Amino acid sequence: MSTAVSQIDEVKTTPWAGGRSPFSVEYGKIMMWFFLLSDAFTFSSLLIAYGALRFSAATWPAADLIFQSVPGTSIQHGAPLVFVGIMTFILIASSVTMVLGVEAGHRGERKEVALWMVLTIIGGFMFLGCQALEWTHLHEEGFWWGSIPKELGEYFHKGDAASAVSTHQFANLFFTITGFHGFHVFSGVVINIIILINVLAGTYDRRGSYLMVEKVGLYWHFVDLVWVFVFTFFYLV
Amino acid sequence: MSSETTHAHDGHADDHASMSKKKIWQVAGILTMITAIEFIVALYLVPHDIIALHTANPIYIVLTLAKAFYIVAYFMHLKFERVALIYSIAVPVLFIIGLILVLTNESHHWIDLRG
């Protein structure tokens, strides 16, 4: 009997030939990616709506005039964007500790993973604390959903007419978008804590893989990614 | 049976070695530097009229996209995944670009509506 296999019977071994994932990634990780993609759509819709309202307004309050203080200190004026700068660096730093935790997970170093995750969680709490301070400060100045300070002149660049409509839109969008982002940070911290408990309990050692740390890492980096855009479009542009 | 024998050639081995500690700190340095540049532009160059606000805005956007690339490609590891996964995530971003084009165009008409 001939052992030659006709071309049509030959088993194909290309990535899309079936029998295994063409993505070569575990199911949960693919789902995390697709969830993050859908979340990216949500955040983009919010930010693009912000952009459209801003483009259609004759004048818009200036971020470097609104964010002048460092809440929690005596600096009440003359320090534009300093506080948000601190927040940005905190979030980048916590993203770095997270990726270091994922790297330690690849080597199966339980204690090292736990250390980096603790630092990531501290970073998350620091960011949330900063945001709470900033919200409180703005609230004291009179900004909130649907409410703005009486005197608007100081929030507009010289030569721009102060517009109550624009300021209202700015306030609503600011609290909605940073609030939605802060909610994501908060969820991330909670999920990080759950994963940290599992790391400490040795769950992933028994499982033989720290893939869960990688998945929660993806979410955490996404939160950082969104902040990069929020930071640019709310505070810089 | 064949799927098991081909698994060895899947490229799983180089998956994990791709993000060394050195590379992580390198990317962290790049992200910090880009953010620092953004602050120099926002707090020094624009207030001192060295560059105009309308030239600063494209700079911010390019720097932001650069940061986004480094976070997604290296921290989220997407650069080292299969091409199929990279395209599954990267191509749908075209929808976002589409919405930007549609709504910025639309917003120019809203100016007239506002009167």
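Predicted model: local features only at pLDDT ≥ 70, side-chain atom pairs only at ≥ 80, totals over all residues.

Helix α4 of chain A covers residues 110-141 and helix α5 of chain A covers residues 164-201, and their axes come within 9 Å of each other at a crossing angle of roughly 155°. Because angles over 145 degrees count as roughly antiparallel, α4(A) is described as roughly antiparallel to α5(A).

On the α4(A) side, the residues that make this contact include Ala114(A), Ile121(A), Gly124(A), Phe125(A) and Leu128(A), while α5(A) contributes, among them, Gly182(A), Val185(A), Gly188(A), Val189(A) and Leu196(A).

## Helix α7

Helix α7 of chain A, residues 211-236, reaches 37 Å from its first C-alpha to its last, which is close to the 38 Å expected for its 26 residues at 1.5 Å a residue. This helix is mostly covered, with 21 of the 26 residues of α7(A) buried.

## The chain as a whole

Chain A contains 7 helices and 0 strands, so that its pattern, read along the sequence, is α-α-α-α-α-α-α.

The C-alpha trace of chain A spans about 95 × 45 × 25 Å along its principal axes, and the radius of gyration of chain A is 24 Å, whereas a compact globule of 237 residues would have one near 18 Å. Of the 237 residues of chain A, 39% count as buried.

How values were computed. Residues numbered from 1 in each chain as written. Chains lettered and ligands numbered in written order. Helix = DSSP H or I, 4+ residues; strand = E, 2+ residues; numbered from the N terminus. Rg over C-alpha atoms; globule rule 2.2 N^0.38 Å. Buried ≥ 20, exposed ≤ 12 C-beta atoms within 10 Å, placed from the backbone. Expected span 1.5 Å × (residues − 1). Axes fitted to C-alpha atoms, helices over the stretch in contact; angles between N-to-C directions. Parallel < 35°, antiparallel > 145°, perpendicular 65-115°, else oblique. Contact = placed C-beta atoms within 7 Å.
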